[in-house]
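Morning, everyone. Let me put the structure up, and then I'll walk through it.

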Amino acid sequence: MMRIRLKLIPARRLLLLPPGVAAALMILFMAPCATAASTLLDYEKRVVMAGEQIERIKADRAHEEEGLTYIRGLLPPEEAVSFEAESVQVDNSWLHVLLDTYEEESDSETRLEILNEAGGRLRALDAHLREAGAAAGQEAGANDSREKIKEILSRSEYREKGEDRFTTYIKELRARIWSMITDFFSSLFQMIFGSKGVSSLISKVVLVLMLAAAAYLVYALARKIPRARKRSKKRIVMGEEIEANMTAEGLAAAARDAAGRGDFRTGVRNLYLSLLYELAELGIIELEPYTTNHEYLVKVSGRSTLSAPMLYLTERFDYFWYGMFASSEQDFNAYLEKYEEAITQARRASESPAGA
């Protein structure tokens with residue numbers, strides 16, 4: 001009987017293969033994970049790998065096609081994850097929606113913003129899973145931690161984001177306007193050609209041409225209308241718009257106000273942005289529209305006394321903001337304390353050479 005020996009291909013060899021072939025092989029190797037329930041550890045590892053692919057796409061756009069294919073293979077839209085002899089159905093469709101939106105988007109800044117959001121949400125998901133998994137391994141509160149893991153895996157927050165009311169309203173308004181235009185021209189044709197003429201092929205072609213001409217006319221007029229300079233009144237930091245006249249002190253005050261209203265998650269966000277503003281004012285970093293929080297962390301890595309508290313602030317920012325989990329007053333107070341430490345170290349670092 002003939003024996004067939006299978007030889008494993010080292011991961012580094014895959015990098016030497018054509019992009020399409022490498023991605024196909026990776027998906028083939030990952031296929032069993034999608035058909036059978038994978039373990040929690042395996043799922044968490046794949047979440048990390050997907051996040052790494054997002055960062056590689058941002059750094060090397062030539063890797064885009066292969067990277068997106070690989071990510072989709074790592075985390076299929078739906079899968080089962082086993083934990084403590086139970087199987088939890090996981091919905092990864094939110095990630096696929098983001099990737100599809102990314103591919104359809106033509107604006108480079110918006111594409112980068114989508115990648116930042118996908119990477120941030122993957123990091124937050126990983127942080128939640130690791131924290132809950134570590135707690136589940138301890139005697140005290142083990143049952144609560146197990147329930148927490150199941151709750152994380154089935155959370156709706158990691159699914160596709162619903163449209164906000166304003167976006168829904170705009171879409172409905174456009175549909176109504178288009179319906180009014182169509183009804184108007186249909187009535188006009190009925191008056192000219194009669195009810196039978198409206199249903200004829202020629203009249204339908206003429207109707208389409210008239211609608212196209214009307215749409216082009218509206219488009220041409222819209223281009224001549226001066227656009228409101230909304231962008232000039234805003235500043236983009238980490239893909240989010242912030243008032244142009246905002247300062248580090250203003251953001252810190254906004255953080256305390258949000259915490260006072262019980263919105264501790266927004267408070268954490270504003271404290272982190274306040275830190276970035278302070279670092280920019282001190283000349284330690286330069287604020288750029290779509291630089292991520294982890295990229296800012298790399299920029300201060302040479303200043304040891306500052307990088308330690310900033311690492312904590314960055315990871316907790318990921319956890320609360322991108323993870324979309326509610327934070328408590330205790331969480332906010334701990335974050336505020338570390339924020340004040342980072343501000344103090346930043347001011348000292350600005351007075352001494354890098355690396356101090």
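**Aromatic pairs and their surroundings**

Phe264 and Phe332 are both buried. Buried here means under 20% relative accessible area, exposed means over 50%, and partly exposed is in between, with a 1.4 Å probe and protein chains only. A word on ground rules. This is a predicted model, so local features need pLDDT of at least 70 and side-chain atom pairs count only at pLDDT 80 or more, while totals for chains, interfaces and linings use all residues. Residues are numbered from 1 along each chain as its sequence is written, and side-chain values use heavy atoms, with hydrogens and water left out.

Now, the rings. A pair of aromatic rings is described by the distance of the centres and the angle of the planes. The rule takes rings of Phe, Tyr and Trp (for Trp, its six-membered ring) with centres within 6.5 Å; planes under 30 degrees apart are stacked, over 60 edge-to-face, and the rest tilted. How many aromatic pairs does that rule give? Four. I'll show two of the four aromatic pairs.

Phe264 and Phe332 are a tilted pair, with 6.3 Å between centres and 40° between planes. This pair links distant parts of the chain: Phe264 is in helix 11 (residues 264-281) and Phe332 is in helix 14 (residues 329-350), 68 residues apart. Helices here are DSSP runs of H or I with at least four residues, strands are runs of E with at least two, and both are numbered from the N terminus.

Next, Tyr272 and Phe317. Stacked, because the ring centres are 4.7 Å apart and the planes sit at 20°. Again, distant parts of the chain are linked: Tyr272 belongs to helix 11, Phe317 to helix 13 (residues 304-322), and 45 residues separate them. Tyr272 is buried at 1% relative accessible area. Phe317 is also at 1%, and counts as buried.

Rings also meet charges. A charge sits over a ring if NZ of Lys or CZ of Arg is within 6 Å of the ring centre and within 35 degrees of the ring normal. Arg111 has its charged end over the ring of Tyr102, 4.1 Å from the centre. Over the face of Tyr312 we find Lys338, 5.4 Å from the ring centre.

**Helix 11**

Back to helix 11. Is it largely enclosed or largely open? Of its 18 residues, 14 are buried, so helix 11 is largely enclosed by the rest of the structure.

At 24% relative accessible area, Ala280 is partly exposed. Contact means heavy atoms within 4.5 Å. Setting aside neighbours within four places in sequence, Ala280 touches Ile285 and Leu287. Just after the helix, Gly283 has a positive phi of about 80°.

One stop in helix 13: Ser307. Ser307 counts as buried, at 18% relative accessibility. Beyond neighbours within four places, Ser307 contacts Leu297, Val300 and Ser301.

**The sheet**

On to strands. Two strands pair if DSSP finds at least two bridges between them. There is an open sheet of three strands, order 1-2-3, with mixed pairing. Which strands are at the edges? Strand 1 (38-39) and strand 3 (86-91), each pairing on one side only.

Strands 1 and 2 pair parallel, over two bridges. There, Thr39 has Ser82 in strand 2 as its bridge partner. Strand 2 (residues 78-83) and strand 3 run antiparallel, joined by six bridges. Glu79 is partnered by Val90 in strand 3. Ala80 is partnered by Gln89, also in strand 3. Strands 2 and 3 form a hairpin with two residues between them, and Glu84 in the turn has a positive phi of about 55°.

**The whole chain**

Last, the totals. The protein chain has 14 helices and five strands. Of its 356 residues, 38% are buried. Take contacts between residues at least 6 apart in sequence: 65% join residues at least 24 apart. The chain exposes about 21,300 Å², and carbon and sulfur atoms supply 56% of that. Those areas come from the Shrake-Rupley method with a 1.4 Å probe; for residues, only the protein chains shown count as cover.
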